[in-house]
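Dear colleague,

My findings are set out after it.

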Amino acid sequence: EWHDATRLKGKIAIKLISDKRDLETDVSKRNFEMREIKYWDRWPDFTASTLICGDYVIMGKIDEEPNYLVEIHDKTLAHNMRELFKGIWEKI
């Protein structure tokens, strides 16, 4: 079940780059105002989710066993990953 996103309104913006999986399509129909998604069909082998949040890089893989969640707290790495994803976002 999804948490109530209204408490985050105006505090966070989420930009997602995804393949065209049914799950993302279903979630995008829920009309979260702070959530933007762009689909990139050039990455079929990129199968883990990556989130950059502040000084953290968080990666998760839950579609098959074993499941993983990796959290890295590094300001420089988070900054560089954010810039990388900004570049991809602008190209889509």
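The paragraphs that follow describe the sheet, the helix across it, and a few individual residues.

This is a predicted model, in which local features need pLDDT of at least 70 and side-chain atom pairs count only at pLDDT 80 or more, while totals for chains, interfaces and linings use all residues. Residues are numbered from 1 along each chain as its sequence is written, and side-chain values use heavy atoms, with hydrogens and water left out.

Three strands make up an open sheet in the order 3-4-5, with antiparallel pairing. Its edge strands are strand 3 and strand 5, each of which pairs on one side only. On average, and with direction ignored, neighbouring strands of this sheet are turned by 15° against each other. Strands here are DSSP runs of E of at least two residues, helices are runs of H or I of at least four residues, and both are numbered from the N terminus. Two strands are said to pair if DSSP finds at least two bridges between them. Axes are lines fitted to C-alpha atoms, for helices over the stretch in contact, and angles run from 0 to 180 degrees between N-to-C directions.

Strand 3 and strand 4 run antiparallel and are joined by five bridges; among the residues concerned, I52 has V57 of strand 4 as its bridge partner. Strand 4 and strand 5 are also antiparallel, over six bridges, and V57 has I72 of strand 5 as its partner. A hairpin of six residues connects strand 4 to strand 5. Of the six residues of strand 5, zero are buried, so this strand lies largely in the open. Buried means under 20% relative accessible area, exposed over 50%, and partly exposed in between (1.4 Å probe, protein chains only).

T50 belongs to strand 3 (residues 49-53) and, at 26% relative accessibility, counts as partly exposed. Leaving aside residues up to four places away in sequence, T50 touches V57, I58, M59, M81 and F85, where contact means heavy atoms within 4.5 Å. The C-alpha atoms of T50 and I17 are separated by 9.5 Å, the two residues being 33 apart along the chain.

Helix 2 (residues 75-91) lies across strand 3, strand 4 and strand 5, and runs at about 115° to strand 3.

Charged residues

The structure holds one salt bridge, a term that denotes a side-chain nitrogen of Lys or Arg within 4 Å of a carboxyl oxygen of Asp or Glu. E83 forms a salt bridge with K86, and their closest N and O atoms are 3.2 Å apart. Both residues lie in helix 2, three residues apart, or about one turn of the helix. E83 counts as partly exposed at 37% relative accessibility, as does K86 at 41%.

K61, found in strand 4, is buried yet has no salt bridge; the nearest side chain of opposite charge, that of E64, is 4.1 Å away. A polar atom of the K61 side chain lies 2.8 Å from the backbone oxygen of P66. Apart from residues up to four places away in sequence, K61 touches A48, P66, N67 and Y68.

The cis peptide bond

P66 lies in the loop between strand 4 (56-61) and strand 5 (68-73). A cis peptide bond joins E65 and P66, with omega of about -10°.

With kind regards

Methods:
Lys and Arg count as positive and Asp and Glu as negative; His and the chain ends are not counted. A polar contact is a pair of N or O atoms within 3.5 Å; within protein, one must be able to donate a hydrogen and the other to accept it, and residues adjacent in sequence count only if both atoms are side-chain atoms.
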